[in-house]
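Let's look at charged side chains and how they pair up. Follow the questions in order.

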Amino acid sequence: VNILDGGKGAFGTEGIVSTSRGCPFCCTFCAAHSIHGRKMRYLSLERVKEEVDFWIDTYNVDTINIIDDNSLGDVDRMIKIIDYIGSRGKNVFFANTLSFVPVTKEFVDCLVRNNIKDVHFALESGSARVLREIMHKPITLKRADEVLAMFRGTDIFVKIALLVGFPDE
């Protein structure tokens with residue numbers, strides 16, 4: 001939602017922040033690498049805080065919408081970013097789906113303490129063969145189960161993106 005147009009989304013007014021670019025994964029259907037490359041590049045934490053402060057201080061947004069290609073390329077760094085946004089009393093929303101691979105208990109705890117209410121993960125298929133041989137996803141169903149178990153008992157609504165009818169599935 002463009003705050004400059006006065007729009008309000010599901011999370012109120014939103015400021016959009018890109019904290020990094022790139023993704024090292026080679027998922028078959030993803031085009032992020034063709035735009036931003038496979039090498040991860042990060043804004044400094046100071047720069048991210050400046051952008052967050054700009055949206056909050058200038059437009060009093062309710063939510064910071066993070067639009068990274070791979071938000072969890074550095075989980076510890078993202079925890080610091082979420083904690084900073086939370087310290088400013090604002091919500092965090094991830095516009096792009098997250099990868100199950102790097103999720104840690106510390107990340108889930110960070111989401112809980114900052115009152116994050118929903119997250120979206122990219123599983124893409126419930127078939128181990130399709131994930132491995134066709135999509136080339138860096139995830140296993142076992143890892144997805146492990147991560148989902150970390151969210152049990154929290155108030156976080158977990159959404160999972162699935163592609164149905166992928167060629168050769």
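Q: Is arginine 47 buried, partly exposed or exposed?
A: Buried means under 20% relative accessible area, exposed over 50%, and partly exposed in between (1.4 Å probe, protein chains only). Arginine 47 has a relative accessible area of 42%. Therefore arginine 47 counts as partly exposed.

Q: What kind of model is this, and how are residues numbered?
A: Residues are numbered from 1 along each chain as its sequence is written, and side-chain values use heavy atoms, without hydrogens and water. Local features need pLDDT of at least 70, side-chain atom pairs count only at pLDDT 80 or more, totals for chains, interfaces and linings use all residues, and the model is predicted.

Q: Which residue forms a salt bridge with glutamate 51?
A: A salt bridge is a side-chain nitrogen of Lys or Arg within 4 Å of a carboxyl oxygen of Asp or Glu. Here the closest N and O atoms are 3.2 Å apart. Both residues sit in helix H2 (residues 45–59), four residues apart, so about one helical turn separates them. Helices (H or I, at least four residues) and strands (E, at least two) are DSSP runs, numbered from the N terminus. The partner is arginine 47.

Q: Which residue meets aspartate 118 in a salt bridge?
A: The N to O distance is 3.7 Å. Aspartate 118 lies in strand E6 (residues 118–124), and its partner, 41 residues apart, lies in strand E7 (residues 157–162). Aspartate 118 is buried at 12% relative accessibility. The partner is lysine 159.

Q: How many salt bridges does a search of the whole structure find?
A: One of them joins glutamate 133 and arginine 132 at 3.1 Å, N to O. Asp53, Asp57 and Arg88 are linked in a network. The search finds 11.
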